[in-house]
Amino acid sequence: MERWCETCDRPVQGEVCEVCGEPVPEPTHEPVPWRWRLFIVATVIYLGYRIYQLIHWLAH
Ligand SMILES: [Zn+2]
């Protein structure tokens with residue numbers, strides 16, 4: 001994975017930018033994909049609905 005200089009907005013080969021001399025941090029990992037987040041949200045909603053059903057069933 002390529003490093004990226006935030007100051008110059010360009011890819012950097014080493015640990016320090018050749019243009020501005022700023023140290024470039026380690027490349028960060030990809031953010032959580034939206035599909036995965038959507039799956040988690042769907043699971044939470046489904047489980048909440050199931051718990052609601054269970055409580056409703058137990059109340060009777
Ligand atoms: Zn730079």
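Me: How many helices and strands are there in the chain?
Reply: This is a predicted model, in which local features need pLDDT of at least 70, side-chain atom pairs count only at pLDDT 80 or more, and totals for chains, interfaces and linings use all residues. Residues are numbered from 1 along each chain as its sequence is written. Helices (H or I, at least four residues) and strands (E, at least two) are DSSP runs, numbered from the N terminus. Along the sequence the pattern is β-β-α, and the chain holds 1 helix and 2 strands.

Me: Why is the chain described as more spread out than a compact globule?
Reply: The radius of gyration is taken over C-alpha atoms, and the globule rule is 2.2 Å times the number of residues to the power 0.38. For 60 residues the rule gives 10 Å, and the chain is well over that, so it is more spread out than a compact globule, with a radius of gyration of 23 Å.

Me: What does the C-alpha trace span along its principal axes?
Reply: Buried residues make up 3% of the 60 residues; a residue is buried if 20 or more other C-beta atoms, placed from the backbone, lie within 10 Å of its own, exposed if 12 or fewer, and partly exposed in between. Along the principal axes, the C-alpha trace spans about 70 × 15 × 15 Å.

Me: How far apart are the end C-alpha atoms of H1?
Reply: The expected span of a helix is 1.5 Å times one less than its number of residues. H1 has 26 residues and should span 38 Å, which agrees with its end C-alpha atoms being apart by 37 Å.

Me: Which element has the highest mean pLDDT?
Reply: pLDDT is the predictor's confidence in each residue, from 0 to 100. The chain has a mean of 89, and 92% of its residues reach 70 or more. Strand S1 (residues 3-5) has the lowest mean among the elements, 89, while the highest, 95, belongs to H1.

Me: Is aspartate 9 buried or exposed?
Reply: Aspartate 9 lies in the loop between S1 and S2. Its phi is near 60°, a positive value in a residue other than glycine. Most residues other than glycine have a negative phi. Aspartate 9 has 7 C-beta neighbours inside 10 Å, so it counts as exposed.

Me: What separates the C-alpha atoms of glutamate 18 and histidine 56?
Reply: Glutamate 18 is found in the loop between strand S2 (10-12) and helix H1 (34-59), and histidine 56 is in helix H1. The two are 38 residues apart along the chain, and their C-alpha atoms are separated by 65 Å.
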